[in-house]
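Let's take a walk through this protein together, from the overall fold down to a few individual residues. Keep the viewer open as you read.

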Amino acid sequence: MKTGYIDNSLKTETPNFLTSLESGRLRWDLLHPFPEQDPEERRVGDALVAEVGEFLESDLDAGELDRTGEFPLELVEAYKERGYHKLLAAEDVGGRALPYYTVFRFIEQVASRSVPAAQVVGLTNTAGAQALLPVLSGPLRDYVRRRVEDGIICAFGDTDPQGQNNRFVNLTVTPAEDGSGYVINGRKLFTANGPITDLIVVSATLVENGERSVAAAFVETSDPGFSVVTPIQFLGSKGLPNAALRFDDIRVPRERVLKAVEEPELAPRVGAVALVGRVLSVGGPATALARNCLAWSRDFARRRRIDGRGLGDYDEIQRILATSMAEVFAVETVVQWCLLGPQPTHRWFEQLVTKNISTTHAWRTLDRTMSLMGGEGFETEHSKRRRGADPIPLERAFRDARGLRIVANVDFQLDNETAHLLLNRLYRGQADPLEADLGFDVEAMGGADLNPANLAHLEEAARQVRRFAETCWDLVRRHPDPAELLAKENLIIQISRVATELFTMCAVLSRTSLLAGQGTDVQELADIVCTEARHRLAELWRRLSPQTEPDYAGTSRALLAGDAMEFLHHR
């Protein structure tokens, strides 16, 4: 997703964390109380999760899917028969009109059995034509509405062969000579659902009147000129229908091209759809993998003994188990903050960073579980089946989890984009000036049901929020030219990661205060989450402190020129 699609405007006094980051004053009153799910929505979600779990138990062999790499088309038809392909769609087009968090739980449940099975159904619900239908208008809306009623499978194609993150992609849309519409030419790579989709939305460069602009084209895969060049297989997500696609002189009517220059007000609405979709389609599988690993770690520690002593009696094992449990709690929390409660569109910052929060927390949990289980974790599930062992698919989960850190843009580039957005708000005057340091009084902001350790974490978060705002404003003052500051990519990536850690801490403390009031003891989990976050923050602040650095640029240039490799050869 390009940063230009995100709405940088934000009213104050709404439930979000951005207000705190920019003002330098932790607004606990905007974070607490933590949003709760409506009981009826939860009841519906519980039933749906149980239903799809039973369905997959009988209809999907996840290990076989991973082994063969062939997605069963009958599963796609079963999704349609059960209405799983229209979970978010309105009832007037045959959809279920479910709330975001219920759909998240559905995708997480499917991913707990098979990540590619979750990606197929998740993407058709959250990316492409169906997801965009609520924000479209005019003839394009009428057209997409008819196709959604037909029960289409959707896809979105963004990556050109030259890679991502270019302002203008290589796939072009140009006016037809007879004025009847547009002609589409180009290729797309890494297009999930590409081989099975009925209608694909592709990012494009509109070339008209000698000028270029950003556009999106809606292409029927039955349109003459569309073809699947070759299937694409990944290290993980084996079996996910993915392909390189080709668009050769595809002619489409004018209403099937969405022009950014003609509808600038649509960009932030499209951005909001994309942000929520990424939380659902990436955060759901990441949470499922982390939760699976926690269960596998617990069961492994229960059954393993060393010289008669239970594995769970050892200090390091206890730390591994407790930290993994805290990681799952943290991911659950940030997702709920993004999807529950009022005015979710005012939480674009939180939704933007949740992709990295969910995937990095999951990756740490996977890595920790692999170390705990040793050879039994590294062994494939097929090998375990041959020797009669419990076929825990940790090796498969490990591959799938690494892929989630790449999908929808790589993790470090998302940090880079987040920092651009935060700092650009300061340059453009969209953020309020830094407030006076009035201290932090949690009681004056509604109080918090936290134990002493977590109250101390909350006070420390307030201090670091102040430090974050001061640091950002100081950087902007010292770099009057935004291009100069934004070129310091590693520096601003650290800025983004500080903001992300602070958000995670504060969201967890808010949820802990809520759950503690309901009689649930989560204080220890929150203490672990915040302690680990503060360790990472200490390292991030160290990297942000002025210091003499090695010549990374010079060494890189020497490597690219071919001059440095000779020093690495064995002599």
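Helices and strands here are DSSP runs numbered from the N terminus, with helices being H or I stretches of at least four residues and strands being E stretches of at least two. With that in hand, look at Gln 162, which sits in the loop between strand E1 (154-157) and strand E2 (172-175). Before going on, bear in mind that this is a predicted model, where local features need pLDDT of at least 70, side-chain atom pairs count only at pLDDT 80 or more, and totals for chains, interfaces and linings use all residues. Residues are numbered from 1 along each chain as its sequence is written, and side-chain values use heavy atoms, with hydrogens and water left out.

Gln 162 has a relative accessible area of 35%, so it is partly exposed; the scale calls a residue buried under 20% relative accessible area, exposed over 50%, and partly exposed in between, using a 1.4 Å probe and protein chains only. Leaving out residues up to four places away in sequence, Gln 162 touches Phe 168, Val 169 and Asn 170, where contact means heavy atoms within 4.5 Å. With Asn 170 there is also a side-chain to side-chain polar contact of 3.2 Å. A polar contact is a pair of N or O atoms within 3.5 Å; within protein, one must be able to donate a hydrogen and the other to accept it, and residues adjacent in sequence count only if both atoms are side-chain atoms.

Now zoom out. The protein has 20 helices and 10 strands. Its radius of gyration is 25 Å, close to the 25 Å that the globule rule gives for 571 residues, so the protein is as compact as a globular protein of that length. (That radius is taken over C-alpha atoms, and the rule is 2.2 Å times the number of residues to the power 0.38.) Along the principal axes, the C-alpha trace spans about 75 × 70 × 65 Å. Of the 571 residues, 55% count as buried. Among contacts with a separation of 6 or more, 77% are between residues 24 or more positions apart.

A nonpolar core is a set of buried Ala, Val, Leu, Ile, Met, Phe, Trp, Tyr and Cys residues joined through side-chain atoms within 4.5 Å. The largest one here has 103 residues, and Phe 17, Tyr 79, Phe 349 and Phe 468 have the most contacts inside it. Helix H18 (residues 489-517) supplies the largest share of this core, 13 residues. Apart from it lies another core of 25 residues, including Ala 290, Phe 300, Val 328 and Leu 372. As for Phe 349, its contacts beyond four places in sequence are Phe 17, Leu 18, Leu 21, Thr 418, Leu 422, Ala 499 and Phe 503.

Next, find helix H2 (residues 39-59). Its 21 residues should span 30 Å at 1.5 Å a residue, and its end C-alpha atoms are 30 Å apart, which agrees; the expected span is 1.5 Å times one less than the number of residues. The buried residues of H2 are Gly 45, Leu 48, Val 49, Val 52, Gly 53, Phe 55 and Leu 56. Seen down the axis, they fall within an arc of 165°, so they line one face of the helix; the arc is that of the directions from the helix axis to the C-beta atoms. This buried set packs against helix H4 (73-81) and helix H5 (100-113), while Pro 39, Glu 54, Glu 57 and Ser 58 are exposed on the other side. At the start of H2, a side-chain oxygen of Asp 38 comes to within 3.0 Å of the backbone nitrogen of Glu 40.

Helix H14 (residues 394-404) is mostly covered, with 8 of its 11 residues buried. One of them is Glu 395, which counts as buried at 18% relative accessibility. Its side chain makes a polar contact of 2.7 Å with that of Arg 399.

Most residues other than glycine have a negative phi, and most peptide bonds are trans. The bond from His 32 to Pro 33, though, is cis, with omega near 10°. Ala 97 has a positive phi of about 55°, and Ser 237 has one near 50°. Ala 97 counts as partly exposed at 39% relative accessibility, whereas Ser 237, at 10%, counts as buried.
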